[in-house]
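Subject: Structure handover

Hello,

Here is the structure for you to work with. My notes on helices and loops follow it.

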Amino acid sequence: MRALRIHDWGQAPVVEQVPEPVRGEGEVLVEVQAAALAHLDLTVASGSFGMRPPLPYTGGVEGSGVVLEADDLAPGTQVMLRGGGLGLLRDGTWQERVSVPRKAVTPLTRELPPAVAATFFVPTTTAGVVLQDVAGLGEGECVAVVGAAGAVGSIVVQQALLAGAEVVGLVARPDQVDDVPAGAEAVLLDDERVASWSTDRPFSLLVDTLGGDELTRRTGWVRAGGRAVVIGYVAGTSVTLDLPNWLLSDVALLPVNMIRQERRARELLPGLVDQLASGELELRVETVGLDAAADALARMGEGRVRGRAVVLF
């Protein structure tokens, strides 16, 4: 059986033969159809993360497949693989078959393409929590989404449009413009129109996936009484607030902590699966074979992957 293995921290993974998994008591044996290449995988593989599986290990914190053996699931059931220490404390999904704790297995209520089933949970549930629970989006609002071509940002745009909002999707590079979902206005962050927004303040809600020291300036695009929701920090982990002017602007700065929102994310899951299966929501994925996975991981670390990167078996 082939697997993608990490042999040393900070080093590229290699494909090699490993023994077939043996199903433990209470576990589920799964034929892996697709395995996500996630930013968390890169963080774990760096050796700097608080959770470090013993070396060498098989990475992969997310995946999808079909049940081979289980106590309570019929063979052939499509499942999402996530949690239970996968890729963090034990071998993960970057292998052809895996035996996992039952709590790491979620049967899907409708069949999805394997690559989507392996990767949809984080972007779709994050977007749902952001708009429904944190921001409390209402119909007719004007929303700016920064990082609208990314996996999470793209789903935020789509869900905001479905909720009846007017959406502007902001991206950093011209090659990302076509990745902003249809129905939203795509705008480059350095477009000359952006400069006027600090005066005009046209938005009631900002959803920011980038973070960094420009975050404060972007909150200035939001009108008084509006909200700025912060999802990520790929552009930087620090920001400085000028408190007198921030208080004067009267914009609520709201964090999203999805670790605390796991139960809510699971509640949203069936509806999101329905939207993906029906085509109401679309998740962009880039698929590779196992032999090309190390290169895809490297490109992902450089920001050169469009959508979610997925290994297909």
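Buried means under 20% relative accessible area, exposed means over 50%, and partly exposed lies in between, with a 1.4 Å probe and protein chains only. This is a predicted model, in which local features need pLDDT of at least 70, side-chain atom pairs count only at pLDDT 80 or more, and totals for chains, interfaces and linings use all residues. Residues are numbered from 1 along each chain as its sequence is written, and side-chain values use heavy atoms, with hydrogens and water left out.

Two loop residues

P174 is exposed, with a relative accessible area of 61%. It sits in the loop between β10 (166-171) and β11 (185-188). Helices (H or I, at least four residues) and strands (E, at least two) are DSSP runs, numbered from the N terminus. From the C-alpha of P174 to that of A186 is 9.9 Å, and the two are twelve residues apart along the chain.

T240 is also in a loop, the one between β13 (222-230) and α7 (243-249). T240 is exposed, at 67% relative accessible area. Its C-alpha lies 6.8 Å from that of D213, 27 residues away along the chain.

Helix α1

In α1 (residues 39-46), D41, V44 and A45 are buried. They cover an arc of only 95° around the axis, so they lie on the same side of α1. That arc is taken from the directions from the helix axis to the C-beta atoms. The buried residues of α1 pack against β1 (2-6), β3 (27-37) and β4 (57-58). Contact here means heavy atoms within 4.5 Å. G47 follows α1 and has a positive phi, near 85°.

Ten of the 14 residues of α3 are buried, so α3 is largely enclosed by the rest of the structure. Among them are F121, T125, V129 and V130. G136 follows α3, with a positive phi near 60°.

How do α3 and α4 cross? The axes of α3 (residues 121-134) and α4 (residues 151-162) come within 8 Å and cross at roughly 50°. That makes α3 oblique to α4. Angles under 35 degrees count as roughly parallel, over 145 as roughly antiparallel, 65 to 115 as roughly perpendicular, and the rest as oblique. Axes are lines fitted to C-alpha atoms, for helices over the stretch in contact, and angles run from 0 to 180 degrees between N-to-C directions.

On the α3 side, P123, T124, T126, A127, G128 and L131 make the contact; on the α4 side, A151, V152, I155, V156, Q159 and A160 do.

Regards
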